[in-house]
Amino acid sequence: MQFHLNGFHAGDPCLQPAKEGVHNHELPEAVDVLIAGSGPAGLVLATQLSTFPNIVTRILERRSGPLLMGQADGVACRTVEMFNAFGLADRLLREAYWVNETVFWRPDASHRGSITRTGRVQDTEDGLSEFPHLIVNQARIQDYLLESMEKSSRRLVPDYNWEIVDLARDDTNPYPVQVTLRRTDPGHEGQERQIRARYVVGCDGARSVVRGAIGQQLRGDAANHAWGVMDVLAVTDFPDIRLKAAVQSATGGNLLIIPREGGHLVRFYVDLGIVDQDNRQSIRQTSIEQMVSIARSILHPYTLDVKEVAWSSVYEVGQRLTDRFDDSLDQQGDEREPRVFIAGDACHTHSAKAGQGMNVSMQDTYNLGWKIAAVLEGRSDATLLKTYSQERQPVAQELIDFDKHWAALMGGRPKDPDNPDSSGIDPAEVQEYFVRAGRYTAGVATRYKPGMLTGEGHWQHLAEGLHIGSRFHSAPVIRLADAKPVHLGHTACADGRWTLYAFSDKEQTGLRGLCNFLSEAASPSLRRIAALSADMDGILDVRAIFQQPHRTLRLEDLPPLLLPRKGRYGLIDYEKVFTADSRLDVFALRGIDRERGAMVLVRPDQFIAHVLPLDGYEVLEAFLRPVFSCE
């Protein structure tokens, strides 16, 4: 983390100077971005946009205040990587439960009425991410984001007790979306007002009003299986109560146990069975006493004494998806600039078994936020916004396909080993599928197809372990200026900048040639990009990684591009240059060509846009030109 760039300031370095004239007391008549819903998706978007002082963002929430308890809890490795870009990963890691191993229990072969442990596996394979899979209350995740928003220069806080009831679009107005709002607080219920916005993002859940207003519908399988969920403080002799556990019983149903943060709280997902029209209402009314009773039956012969229930709910599993995540088609089916977007449960719903709902929802708006900012600040053309639905809708479809299989495995009755012809799920298949799907549940399996923001793989062989279209897989390096061991990917911040990682060739001539080319900004495209900010660094963050040990390189011999002067004092940025760590060599770990080196271009959302040779200047320019409206 860097600070004091424009002068020394005592106190919390995360607290940004407030933008003059900013206040959050009353809703203005018009905003740049209006967000409906302060769940994880809405808050990730608001937090990202709050870092741009000139973008007016407001986030509405129909509740009277922040979430306090319950709902989602699983934080995938990829999501922790994202939170690190917001400067929040350390808090997550300190407070959360770390999912290190998962155990599998099934009916005892000799006593079918009892359960026995049949497997134990590492939760996340080695080397998949520098961060673990975490469990933490969704409300705490939202607290981190709320605090980050409020410390931004815009001092952004949600507008509680407001909901969107309708919206209409008029492209002749500079603020094309007219939104009708209604108050929900006691004494003011039903009062309405209107506000205009350049863009509206519906993060307002499975019953999204925004989704309906743009003519989108959730399509897919109706719910056919129900689960009860409860966060409890309990005394039990079940030996794996502090491990993630998938339990299948012969007759009592299935159970998923998720230890929670703090060392004592535990979440139980309790199988309530198949849902049909005859039993739907009674299942929805399942009491906490009934849930506890079912959990006890499944855990037999072990005991379960629930002392306190912190939160509980009943939900039905259903996988549904909208056709698109924006309003880029008008009523006649003609293409137009998207102005209204939907994210999270507003456009895809699924079970909680895969632990991906909240994670994929936050990745939705992490993908969208930097794109909206780039268009509003004039760095990119509005065509950039069409890539949001093009990229994220297929990811949601993959999640639903995965979730259907995983939910069926978790909800199925185990096969009787004494009766080969019996129907049901082989418990060994559950464990096998869990291991096979590890990359997916860690959140690192997403890979965008070639397009405006993702290049073709002609030079992929130069960096075989950094796959184009996938998230940038970090690795340990040594920072040259202060010899500090750091993770290369942790240099990225959620500030809308692209990153160009330049991995040096063996002789360094290719890297130095690239630095000279970028410094001179000889082409019209580069001059255009440099002009979008005070300097090139404000748009394209160039980082160099050398093969030599850090003690053999001299700081004074580096190209000027790698020691840029910044801020009102022209202070030197000493954090642009790294060397390979002799213990974990990034060139070996990520398959970087040692003779030729490589350029790895990474988008603001940490996904790899392109892999190029160090002298691939023309290809780099050609790729960036449409992204930065240089054509």
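Reader: Which helix gives the most to the lining of the second largest cavity?
Author: In this predicted model, the second largest cavity is lined by 13 residues (a cavity is a set of points on a 1 Å grid over the protein atoms alone where a 1.4 Å probe fits but cannot get out; lining residues have an atom within 4 Å of a point). Nearest its centre are Glu81, Phe472, Ser474, Gly489 and Gln606. The top contributor, with three residues, is H2.

Reader: Before we go on, what pLDDT do local features need?
Author: Residues are numbered from 1 along each chain as its sequence is written, and side-chain values use heavy atoms, with hydrogens and water left out. Totals for chains, interfaces and linings use all residues, side-chain atom pairs count only at pLDDT 80 or more, and local features need pLDDT of at least 70.

Reader: Thanks! Which helix gives the most to the lining of the largest cavity?
Author: The largest cavity has 15 lining residues, and those nearest its centre are Gln356, Val360, Gln363, Gly443 and Thr446. Helices H2 (77-85), H8 and H9 (386-411) each supply at least two residues of this lining (helices are DSSP runs of H or I with at least four residues, strands runs of E with at least two, numbered from the N terminus). The leading supplier, with three residues, is H8.

Reader: How far apart in sequence are the parts tied together by tryptophan 370 and tryptophan 498?
Author: The structure holds 14 aromatic pairs (ring centres of Phe, Tyr or the six-membered ring of Trp within 6.5 Å; planes under 30 degrees apart are stacked, over 60 edge-to-face, the rest tilted). Tryptophan 370 and tryptophan 498 make an edge-to-face pair, 5.8 Å centre to centre with 90 degrees between the planes. Because tryptophan 370 sits in helix H8 (residues 357-376) and tryptophan 498 in strand S23 (residues 498-503), the pair ties together parts separated in sequence by 128 residues.

Reader: Is tryptophan 498 buried or exposed?
Author: The relative accessibility of tryptophan 498 is 2%, and the cut-offs are under 20% relative accessible area for buried and over 50% for exposed, with partly exposed in between (1.4 Å probe, protein chains only).

Reader: Which residue in S24 stands opposite tryptophan 498?
Author: S23 and S24 run parallel and are joined by six bridges (strands pair if DSSP finds at least two bridges between them). Strand S24 covers residues 540-546, and seven of its seven residues are buried. Across from tryptophan 498 stands leucine 540.

Reader: And which residue in S27 stands opposite isoleucine 545?
Author: Asp541, Arg543 and Ile545 point one way from S24, while Leu540, Val542, Ala544 and Phe546 point the other way. S24 also pairs in the parallel sense with strand S27 (residues 577-580), over three bridges. Opposite isoleucine 545 is phenylalanine 578.

Reader: Which strands stand at the edges of the open sheet of three strands?
Author: This sheet has antiparallel pairing and the order S12-S18-S20. The edge strands each have a single partner strand, so one side of each is left without a neighbour in the sheet; they are S12 (219-220) and S20 (348-349).

Conventions: 1 Å grid on protein atoms, 1.4 Å probe; cavity = no way out; pocket = protein on both sides within 12 Å on 5 of 7 lines; lining within 4 Å.
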